[in-house]
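Subject: Handing over a structure, with notes on what was found

Dear colleague,

I am passing the structure below on to you, together with some notes that are meant for someone opening it without any background. Please read them with the structure in view.

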Amino acid sequence: MSEQELSEQNKPGPTEWFPHPVGVGPWEQEHPGQERPSDERYDPELLEEGDRRNVVDAYRYWTREAIVEDIDTRRHTLHVAIENFENDSNIGTVVRTANAFAVDTVHIVGRKRWNRRGAMVTDRYQHLKHHASVADVLAYAAEHDLTVVAVDNTPGSVPLETAQLPERCLLLFGQEGPGVTAEAQQGSSMTVSIAQFGSTRSINAGVAAGIAMHAWIRAHADLSRAW
């Protein structure tokens, strides 16, 4: 194998963000001798030109709408909300992780605009909802029978490692730095914290969200349905 071929093989991906994305080429190139699928889930343009998107192999060549529709049949009862009063760049990471865990909806509280780069285009496949205020998202949770659990390292919080997260749950995260607002904590059923053992006062908000979501997955998800 040539150096150029090795370089191509070791390129990062697959995502739409890299200048030289990887993925699969046209259908005839990847499946020589096999007839193109006629199923309406498949996108004729992707079959013709190749699929370079950040999707699992099972969704190669599918339309975006078909992918979302399929995920909707397997979405969990977990919701995630993040306060967005300073246009936190961590929101993109939260959305990307929520997509990986088939979270029902990610709720953006406060500012409607957020930095989508960290989502790595996964926001196309994840349900998002905006709320103007904390009161609005708390009202949504009550209306949809969701127990609100704030995630923050504050006095009186329950260790996430020992907490029993409810199945119908909305995990509420704050901004990087100030954390969950007092209004959000007061409106939550409980606040959970993530155990830390080093010198830093807190961990990255995007990382904390991933840890908390995975704690819910371990407690409630049907792992036989994972990819």
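In helix H4 (residues 64–72), the residues Ala66, Ile67, Val68 and Ile71 are buried, where buried means under 20% relative accessible area, exposed over 50% and partly exposed in between, with a 1.4 Å probe and protein chains only. Helix H5 is included in what covers these buried residues of H4; helices (H or I, at least four residues) and strands (E, at least two) are DSSP runs numbered from the N terminus.

Before going further, please note that this is a predicted model, in which local features need pLDDT of at least 70 and side-chain atom pairs count only at pLDDT 80 or more, while totals for chains, interfaces and linings use all residues. Residues are numbered from 1 along each chain as its sequence is written, and side-chain values use heavy atoms, with hydrogens and water left out.

Arg74 is found in the loop between H4 and E1, and at 18% relative accessibility Arg74 counts as buried. Leaving out residues up to four places away in sequence, Arg74 touches Tyr59, Ala102, Arg225 and Trp227, contact meaning heavy atoms within 4.5 Å. The side chains of Arg74 and Tyr59 are joined by a polar contact of 2.6 Å, that is, a pair of N or O atoms within 3.5 Å, of which, within protein, one must be able to donate a hydrogen and the other to accept it, with residues adjacent in sequence counting only if both atoms are side-chain atoms.

Four aromatic pairs are found in a search of the whole structure; rings of Phe, Tyr and Trp (its six-membered ring) pair if their centres lie within 6.5 Å, and planes under 30 degrees apart count as stacked, over 60 as edge-to-face and the rest as tilted. One of these pairs is Tyr42 with Trp62, edge-to-face at 6.5 Å centre to centre and with 70° between the planes. Tyr42 lies in the loop between helix H2 (27–30) and helix H3 (44–49) and Trp62 in the loop between H3 and H4, so this pair ties together parts that are 20 residues apart in sequence. Tyr59 and Trp227 form an edge-to-face pair as well, with 5.5 Å centre to centre and 85° between the planes. Since Tyr59 lies in the loop between H3 and H4 and Trp227 in the segment after H8, the pair ties together parts that are 168 residues apart in sequence. Tyr59 is buried, with a relative accessible area of 4%, whereas Trp227, at 65% relative accessibility, counts as exposed. Tyr42, Tyr59, Trp62 and Trp227 form one aromatic cluster.

Turning to the sheet, seven strands form an open sheet in the order E3-E2-E1-E6-E4-E7-E5, and the pairing is parallel; two strands pair if DSSP finds at least two bridges between them. E3 and strand E5 (158–159) stand at the edges, each with a single partner strand, so one side of each is left without a neighbour in the sheet. Strand E2 (residues 105–110), by contrast, has six of its six residues buried, so E2 is largely enclosed by the rest of the structure. Strand E1 (residues 78–84) pairs with E2 in the parallel sense over six bridges, and four bridges join E2 to strand E3 (residues 128–131), again running parallel.

With best wishes
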